[in-house]
Protein chains: 2
Amino acid sequence: MPENFTSRDKTIKKWIDEISRVVLNNIDSQLEIEQKTAPNDLVTNMDKWVEKELVKKIRTTFPSDRILGEEGFGDAIEDMNGTVWFIDPIDGTLNFILQNENFALMLAVYEDGIAIQSYIFDVTLNRLYSAIKGEGVSCNGQRLPEPYDAALEEGILATNSSIMIEEKYDHIRKIAKESLGLRLVGSAGLESVEVAKGSIVAYIATNLKPWDVAPGLLFMQELGLKATQFNNEPLDLLNNNNIIFATNKAHEEIIKLIN
Amino acid sequence: MPENFTSRDKTIKKWIDEISRVVLNNIDSQLEIEQKTAPNDLVTNMDKWVEKELVKKIRTTFPSDRILGEEGFGDAIEDMNGTVWFIDPIDGTLNFILQNENFALMLAVYEDGIAIQSYIFDVTLNRLYSAIKGEGVSCNGQRLPEPYDAALEEGILATNSSIMIEEKYDHIRKIAKESLGLRLVGSAGLESVEVAKGSIVAYIATNLKPWDVAPGLLFMQELGLKATQFNNEPLDLLNNNNIIFATNKAHEEIIKLIN
């Protein structure tokens, strides 16, 4: 792999280590919580602090790069030219607040629209999932094997809450019936990791933001897995997406059932 | 607490420690898997081994006690007289097989129908949740506080897969809409623990077996939480149950919504 990827990989891992220690040390402290678009769409002072810290570090070390961050401390991104960073400072903020676990710090680096590096850190379990294009996906440095190409009926399906709760998704909800069972973690990043590990055959979710899906996309690409929108089009990293992350077999079945 | 509870508590913890080590050491080994009532109702040689080991130890140390075990190596139990042990050797067998995590080894001891001791061990995370009647619930020896009495709209709801997938439960599924979001782990034991920790406001599930609910019931009782059937009746430990484990407020709301 190019020298600059290796060096940037080391830098990013150092940042994640530094910043996540602060998150862990403050996990029991009183959080300042604000509502964004809905009662379950929340942001805390910790989400903001993590994003600001990362933005500061990226601006200092890679001043010509652009940044798309969940909490808005990056840039207004309207194209994927050059190097673009995606930041989700705390993916699964509701879990972070209510459960003190099951959340992830996420980063991805794209160059001219191509996924180059990505990082999903399960902070409380101390599991760092990372990928460099062409080098596969690792957990704490241990390479993940390509998962078995399981069909929907051979595995567990994960979705987001909306698919299960909102009537307009009833036709999608029924896909779960074809699987062995349903799981919901409440963090797009951690569900992506489950697909990458082969622990679930598919993750389907509606209305995900670019920073929710950018890291997982590289994991899918590196492991021979599928990542598309519901209409089978590639993900659009400048807009919201209804996504399918899945084994090849499960993806083919889901595309048929969904359309 | 009575001396015999303390002594039995130590004995049970020693058994769980010994047996779970074997489970962990064999987690990557080739399992013999058999289907029970459905493609997602499975049993492995490891479930059977764990139950047999526990039954053997109980029979040797407490020969006059009776045992109700998931895999059938205990007794035929038709009443709750005397001391009755409930064993779920691996709760979340599907997770055990497909995810190698998110499963629990569970035990509960009842005397004349009253919950006296219970144990839910998250094997891969090495978290032993245990309770003795009147002594509260602990995780690895650290006492859990009574959770805040959150309403449904203030918290996360967990259910089993059936409630989300089967049309006959559509009215129950809609309860999730009143909460902040939905989570599914796929282990009744680990979901009970989440209620006990206050990480979720309620766990509702259909068709659970006595060994699925016997340990969690004591946790709810010790922490001032509610544990009933859908019809607000007490759990029936000799039959299948549709159960609600919840905060007092969430329980009241769910009972209204469900009936």
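How many bridges join strand 7 of chain A to strand 8 of chain A, and do the two run parallel or antiparallel? Three bridges, and the strands run antiparallel. Strand 7 covers residues 127–132 and strand 8 covers residues 137–139. One pair to look at here: A:Ser130 has A:Ser138, in strand 8, as its bridge partner.

A word on the source. This is a predicted model. The mean pLDDT of chain A is 96. In that chain, 99% of residues reach 70 or more. The scores are ipTM 0.95 and pTM 0.96.

Now the sheet around that pair. Chain A has an open sheet of seven strands. The order is 3-4-5-6-7-8-9, and the pairing is mixed. Which strands of chain A stand at the edges? Strand 3, residues 66–69, and strand 9, residues 142–143. Each has a single partner strand, so one side of each is left without a neighbour in the sheet.

Next, the helices that lie across it. Helix 2 of chain A, residues 45–61, lies across strands 3, 4 and 5. Strand 4 is 83–91 and strand 5 is 104–111. The helix runs at about 155° to strand 4. Helix 6 of chain A, residues 188–197, lies across strands 4, 5, 6, 7 and 8. Its angle to strand 6, residues 114–122, is about 105°.

Step back to the whole chain. Chain A holds eight helices and 14 strands. Its radius of gyration is 17 Å, close to the 18 Å that the globule rule gives for 259 residues, so chain A is as compact as a globular protein of that length. The C-alpha trace spans about 50 × 45 × 35 Å along its principal axes. Buried residues make up 49% of the 259. Take the contacts in chain A between residues at least 6 apart in sequence: 59% of them join residues at least 24 apart.

Last, the two copies. How is chain A laid on chain B? By a turn of 180° and a shift of 0.0 Å along the axis, with an RMSD of 0.0 Å. The two copies are therefore related as by a two-fold rotation axis. In chain A, the C-alpha nearest that axis belongs to A:Leu184, at 2.4 Å. And the interface? Of the interface residues of chain A, 100% are also interface residues in chain B, so the copies meet through the same surface.

How values were computed:
Residues numbered from 1 in each chain as written. Chains lettered and ligands numbered in written order. Predicted model: local features only at pLDDT ≥ 70, side-chain atom pairs only at ≥ 80, totals over all residues. Pairing = 2+ DSSP bridges. Helix = DSSP H or I, 4+ residues; strand = E, 2+ residues; numbered from the N terminus. Contact = placed C-beta atoms within 7 Å. Axes fitted to C-alpha atoms, helices over the stretch in contact; angles between N-to-C directions. pLDDT = per-residue confidence, 0-100. Least-squares fit on C-alpha atoms with pLDDT ≥ 70 in both. Rg over C-alpha atoms; globule rule 2.2 N^0.38 Å. Buried ≥ 20, exposed ≤ 12 C-beta atoms within 10 Å, placed from the backbone.
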